[in-house]
Amino acid sequence: MDYLPKYFNGAKPNITAGSGGVTGGKLIEHDGTVTAAGSTTVIGVASRDAAAGEVVTYFPLPGAVHRLTAGTGGVTAGQLVKADASGNVVTATSGTDAAEAILGIALTTATATNVAEILGK
């Protein structure tokens, strides 16, 4: 699946997809793998599906508005979000979750498996 953010202005770096590959539109880690739940090393959103070892472009989070799938429990506009283990976003709790795990703020509300707009931090 190909992915483009709603709003993005800046460089689009490349990374080599790690073990298991990546899926377009999903959050990825610094090592090119799909995110772990509550990860503090998320670098951005994969631009397309890529098998392990393939080079793939990604869109960094800061300052961009991304359209990301909500994980279990969904997200509500105005809530802080973090990664789940499937490369989706779920609600984060300031003061409970590590500050580095908070990826941004939900601009729209979405139930699980639906798309929410997220402003990356």
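Predicted model: local features only at pLDDT ≥ 70, side-chain atom pairs only at ≥ 80, totals over all residues.

Modeller: Surface comes first. The chain exposes about 5,600 Å². Carbon and sulfur atoms supply 54% of that area.

Now the fold. The chain has zero helices and nine strands. Read along the sequence, the pattern is β-β-β-β-β-β-β-β-β. The C-alpha trace spans about 35 × 25 × 25 Å along its principal axes. The radius of gyration is 13 Å. A compact globule of 121 residues would have a value near 14 Å, so the chain agrees with that. Buried residues make up 46% of the 121 residues. Look at the contacts with a separation of 6 or more: 55% of them join residues 24 or more positions apart.

Now zoom in on S47. Find the loop between β3 (42-46) and β4 (55-60); S47 is in that loop. Is S47 buried or exposed? Its relative accessibility is 13%, so S47 counts as buried, because the cut-off for buried is under 20%. What surrounds S47? Leave out residues up to four places away in sequence, and S47 touches M1, D2, Y3, G24, V56, T57, Y58 and F59. One of these, T57, also takes part in a polar pairing with S47. The backbone oxygen of T57 lies 2.8 Å from a polar atom of the S47 side chain.

Take G87 to begin with. G87 is in the loop between β6 (80-83) and β7 (89-91). At 1% relative accessibility, G87 counts as buried. With residues up to four places away left out, G87 touches K26, L27, V34 and T35. T69 is 18 residues from G87 along the chain, and their C-alpha atoms are separated by 8.3 Å.

Then turn to T113. T113 is in the loop between β8 (104-106) and β9 (115-120). T113 is exposed, with a relative accessible area of 66%. Its backbone deserves a look too. T113 has a positive phi of about 75°, although T113 is not a glycine.

To recap, S47 is a loop residue that counts as buried, and its side chain has a polar atom 2.8 Å from the backbone oxygen of T57.

Methods: Residues numbered from 1 in each chain as written. Heavy atoms only, no water. Helix = DSSP H or I, 4+ residues; strand = E, 2+ residues; numbered from the N terminus. Buried < 20%, exposed > 50% of the residue type's maximum accessible area, 1.4 Å probe, protein only. Polar contact = N/O pair within 3.5 Å; in protein donor to acceptor, adjacent residues only side chain to side chain. Contact = heavy atoms within 4.5 Å. Rg over C-alpha atoms; globule rule 2.2 N^0.38 Å. Areas by Shrake-Rupley, 256 points an atom, 1.4 Å probe, with all protein chains shown as cover.
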